[in-house]
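Hello! Here is the structure I promised to pass on to you. Have a look at it first, and then read on for what turned up.

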Amino acid sequence: MCPKNGSSQATVTKVPLGIGLTVGIVLVSAGYSPAVARTVNVEFTAIETEVVIDGQGTKYKAWTYNGQFPGPVVRVTEGDTVHFTLHNLKTNTYPHSMDFHAAETDFFKNYRAINAGESLTYDFVAKKPGVFAYHCGAPPMIQHIARGMIGVIIVDPKNPKAMPKADREYVLVQTELFHNPNDVQGMFDRKYDHVIFNGGIFKYHPMVTGGKALEAKPGERVRFYFVNGGPNNFSALHPIAEIWDDVWASGNPANHLRGVQTYVVPPAGGAILDVVVEAEGAYPIVTHSLTDALRGAIAILVVKKDAQQLTLLPYVQPAEAVLHSRVTN
Ligand SMILES: [Cu+2]
């Protein structure tokens, strides 16, 4: 991973597992100067593989970017050029594609689906700051998103003072989960079994088997980069026993709301939501559409003095099969 086109001082942090495979986060943050245009290389591999969807080890036949559900977080700064390559693994069965909502580009040319064994490269300039979905758009799109080909690209504002500094940051991706990944008609009929954050049923609920809480310290400004993957349901994001101090629609600093109890995020929409929690305790983050919360979309934020530092996308790992195999295309 190194910057291309001779234009940049970008630093890209990723852990290569094989050709085109990145674990966790594509993070670009070091040494940024607004005067310097940067090109950021992002390389994803579509991988059809089994992922674990709960704390009991239940496997799900997912379609993924880089073997994880949701895909790796891409993080760039407003004005950066993203030089993106998608590989469709030659051992896959289905066509796949990539639609970055942070891009303004030619749909037919760049968002087209490619067959197994093929690769596709395109560039776009991340012109608008915010938190955006990315997803596979290969038909039937409803199935490709539901099976896991969904993720987040954060475009940080060029002006680092455009928003208050966060002490702690988490990415949450909400999706409906259909137990039968081949039942496309059931997806159209909204017969989902669970609604999940970051690919797991009650993944961040410590009172559920295998669940692990999100953590923060008292007084910290905790920032959630939230994307609703859908494919169909709206999210009514609410911090129980708290109030969102600041919300930015689509994560754009120009779209600022204060003191919001519940914020609606549509399918394929995003928001940045900040909460400052003064007192120690437990604060569930839920979609207050309760059918969905009680089917898996509850994340507990535990506030305590000795809170540990977690990653931006906590406890999301590539599938075992992917971790232990060398991926080539
Ligand atoms: Cu796909």
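Let's begin with Asn198, which sits in the loop between strand S13 (194-197) and strand S14 (214-216). Please keep in mind that this is a predicted model. The phi of Asn198 is near 50°, a positive value in a residue other than glycine. Is Asn198 buried or exposed? Asn198 counts as buried because it has 21 C-beta neighbours inside 10 Å, and the cut-off for buried is 20 or more.

Asn66 also has a positive phi, of about 60°, although it is not a glycine. You will find Asn66 in the loop between strand S5 (59-65) and strand S6 (73-77). Asn66 is buried, with 27 other C-beta atoms within 10 Å.

Next, the peptide bonds. Pro139 and Pro140 are joined by a cis peptide bond, with omega about -5°, and Pro140 lies in the loop between strand S10 (130-135) and helix H2 (141-146). Another cis bond links Gly230 and Pro231, with omega about 15°; Pro231 is in the loop between strands S15 (221-230) and S16 (235-239). As background, most residues other than glycine have a negative phi, and most peptide bonds are trans.

Now for the wider view. The chain has 5 helices and 22 strands, and 47% of its 329 residues count as buried. Its largest nonpolar core has 85 residues. Strand S4 (residues 39-52) gives the most to this core, with 6 residues. Val131 is among the residues with the most contacts inside the core, and its contacts include Val152, Phe226 and Ile272.

Enjoy exploring!

Definitions and conventions: Residues are numbered from 1 along each chain as its sequence is written. This is a predicted model: local features need pLDDT of at least 70, side-chain atom pairs count only at pLDDT 80 or more; totals for chains, interfaces and linings use all residues. A nonpolar core is a set of buried Ala, Val, Leu, Ile, Met, Phe, Trp, Tyr and Cys residues joined through C-beta atoms within 7 Å. A residue is buried if 20 or more other C-beta atoms lie within 10 Å of its own, exposed if 12 or fewer, and partly exposed in between; C-beta atoms are placed from the backbone. Helices (H or I, at least four residues) and strands (E, at least two) are DSSP runs, numbered from the N terminus. Two residues are in contact if their C-beta atoms, placed from the backbone, lie within 7 Å. Lists of a residue's contacts leave out its neighbours within four places in sequence.
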